[in-house]
Amino acid sequence: MTSLEGKVAVVTGASRGIGLAAAAALRDRGAQVVVTSRSEDRAKEAARELGEGVVGFGAHATDEDAARACVDFTVETYGRLDVLVNNAGTNPAYGPVVEQDHARFAKTMDVNLWAPILWTSLAVKAWMGEHGGAIVNTASIGGLSVAKDVGIYHVSKAALIHLTKQLALELGPSVRVNAIAPGIVRTRMAEALWQENETRVAEATPLGRIGEPQDIGAAVAFLAGDGARWITGETLVIDGGQLLGSGPL
């Protein structure tokens, strides 16, 4: 297990699910972690759940003032910012692409694509540009495939995968930028994909089960650490084999 002792991380959208698991994995490896949520109460609740070494900060992912305040707080409190996990995501645009309105499209793109640009920019300008760091974006296997009713979400994640490559090119060699692409994971956001048919989804997954948030958190911690020091611009698929052809997506 790669140590992150002495490192400081910010994880957006970390009040539950993959974000919470990522924060726990980073903490377990020795990092000090700032977890965010659009609700300050939920952010602080998550920090209490995770315990020592974690603090909560209320910041909606697309709120530029709140994002800047969070990054400034982190650098002022800990003197550094080594790891940024752009995990906040949303999917209000459910249904066929041609049935979506601009408001749902814009919200999806703002949270899933603009927010990673915003937070990355702030982190680079505040610390990483001069001192180095690692950024991990939460994409999805949806960004590598197609499926009915989640087209806008999938487009946003495909764009995030491309953005990851672009940022890796622009920010190297001091900052590494990678993405994770989870498959179906036991989270509230993905409930519609597994809650009513978990057995079928598990049977269609080569490794025989849906994912757990901890499966993804461990991958985030790996990409954030020195074990991945020669990896940048890549997207790590963590899906139990769901993209191999027999999966439900």
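Predicted model: local features only at pLDDT ≥ 70, side-chain atom pairs only at ≥ 80, totals over all residues.
Local features need pLDDT of at least 70 and side-chain atom pairs count only at pLDDT 80 or more, while totals for chains, interfaces and linings use all residues. Residues are numbered from 1 along each chain as its sequence is written, and side-chain values use heavy atoms, with hydrogens and water left out.

Start with the sheet. Seven strands make up an open, parallel sheet, running S3-S2-S1-S4-S5-S6-S7; helices (H or I, at least four residues) and strands (E, at least two) are DSSP runs, numbered from the N terminus, and two strands pair if DSSP finds at least two bridges between them. From one strand to the next, the twist averages 20°. Strand S2 (residues 32-37) pairs with S3 in the parallel sense over five bridges, and Thr 36 stands opposite Phe 57 in S3.

Helix H5 (residues 151-171) touches strand S5 (133-138), strand S6 (175-182) and S7, where contact means heavy atoms within 4.5 Å. The direction of H5 makes about 165° with that of S6; axes are lines fitted to C-alpha atoms, for helices over the stretch in contact, and angles run from 0 to 180 degrees between N-to-C directions. Helix H8 (residues 213-224) touches strand S4 (83-86), S5, S6 and S7, and its direction also makes about 165° with that of S6.

Ala 25 lies in helix H1 (residues 17-28). With a relative accessible area of 9%, Ala 25 is buried (under 20%; exposed is over 50%, partly exposed in between, with a 1.4 Å probe and protein chains only). Leaving aside residues up to four places away in sequence, Ala 25 touches Gly 217, Ala 218 and Ala 221. The C-alpha atoms of Ala 25 and Ala 221 are 6.0 Å apart, despite 196 residues of separation along the chain.

On the charged side, the whole structure holds seven salt bridges (a side-chain nitrogen of Lys or Arg within 4 Å of a carboxyl oxygen of Asp or Glu). One of them joins Lys 44 and Glu 40, with closest N and O atoms 3.0 Å apart; because these residues are four apart in helix H2 (residues 40-50), about one helical turn separates them. Arg 80 and Asp 82 meet at 2.8 Å, N to O; Arg 80 is partly exposed at 27%, whereas Asp 82 is buried at 7%.
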